[in-house]
Amino acid sequence: MAGEHYPQRPVTLAEVSIPEMERRAADHYALMAERRSVRDISSRPVPRSVIEHLIATAASAPSGANKQPWTFCAISDPELKRRIREAAEAEERESYAHRMNEEWLADLRPIGTDWRKPFLESAPWLIVVMRKAWDLRPDGSRGQTYYSQESVGIATGFLLTAIHQCGLVALTHTPSPMTFLQKLLERPENERAYMLIPVGYPDEGAQVPDIQRYPLERVAAFYESSATTEDNDA
Ligand SMILES: Cc1cc2nc3c(=O)[nH]c(=O)nc-3n(C[C@H](O)[C@H](O)[C@H](O)COP(=O)(O)O)c2cc1C
């Protein structure tokens, strides 16, 4: 009932020893450090049951006031993929020719992208992440969503992690503006296209730019009390 607390239940999380915790943290880092954006995606099929689990993982993400302001549209229909590619390439052609400034184009040059997006047809699945700018209640009235940008960003991170974890590849594609997706997918008026993610196996011989990550010292800043730095049992 509105205004009342949800019933409470205990946290069900098995205790993990510090050595096991260290091992899991290192293993997860090793796994995720292998994730790359892949643009050469094979047409080899991926079962729908896998895609369903990937989406369920994404939808388990935290969200502002648990509003779950997302819809994940999974597309394998070849004709719809063709139309999405056509519309995305039209926007990208315009972006590369007129919308991106010199610095942006220079930053993209080493990555080697251009307006052509063949992966939008070759990938067995496209997942379009939609963000709910506001909630459309079952009775048609409007409700609020909170921090929908942040919430959908986190859910998309969960999705990319799950895709990588099961041995598939993806690309976070953002053909801008993405309004054509709302129209092609006939989404309700409260939904905005957030990300277009082709998912599949890498093409045989697929290559990725050999980029490097910043070292930990550059991306992390620790503020520790001297008492907690060494003694994990304190
Ligand atoms: C928000 C966001 C938007 C992106 N948009 C595109 C895109 O439209 N096309 C593309 O080829 N790559 C896109 N990328 C992929 C980045 O180029 C890629 O993540 C970056 O070069 C690092 O490479 P990695 O993902 O292989 O680690 C995007 C990435 C993010 C996070």
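I begin with a definition: two strands pair if DSSP finds at least two bridges between them. Strands (E, at least two residues) and helices (H or I, at least four residues) are DSSP runs, numbered from the N terminus. What you see is a predicted model, in which local features need pLDDT of at least 70 and side-chain atom pairs count only at pLDDT 80 or more, while totals for chains, interfaces and linings use all residues. Residues are numbered from 1 along each chain as its sequence is written, and side-chain values use heavy atoms, with hydrogens and water left out.

Let us turn to the sheet. In general, the strands of a sheet pair through backbone hydrogen bonds, either parallel or antiparallel. Here, four strands form an open sheet, ordered β1-β2-β6-β5, with antiparallel pairing. The edges are β1 (70-75) and β5 (169-170); each has a single partner strand, so one side of each lacks a neighbour in the sheet. Eight bridges join strand β2 (residues 125-132) to strand β6 (residues 191-200) in the antiparallel sense. Which residue of β6 is the bridge partner of valine 129? The partner is methionine 195.

Helix α6 (residues 148-165) packs on this sheet and touches β1, β2, β5 and β6, where contact means heavy atoms within 4.5 Å. The direction of α6 makes about 10 degrees with that of β6; axes are lines fitted to C-alpha atoms, for helices over the stretch in contact, and angles run from 0 to 180 degrees between N-to-C directions. Helix α3 lies across β1, β2 and β6, and runs at about 110 degrees to β1.

Within helix α3 (residues 78-99) we find serine 95. Is serine 95 buried or exposed? Serine 95 is buried, because its relative accessible area is 5%, and buried means under 20%, exposed over 50%, partly exposed in between (1.4 Å probe, protein chains only). Not counting residues up to four places away in sequence, serine 95 touches Met100 and Ser176.

Finally, I come to charged side chains. A salt bridge is a side-chain nitrogen of Lys or Arg within 4 Å of a carboxyl oxygen of Asp or Glu, and the whole structure has 13 of them. One of them joins glutamate 191 to arginine 187, at 2.7 Å from N to O. Glutamate 191 is buried at 3% relative accessibility, whereas arginine 187 is partly exposed at 26%.
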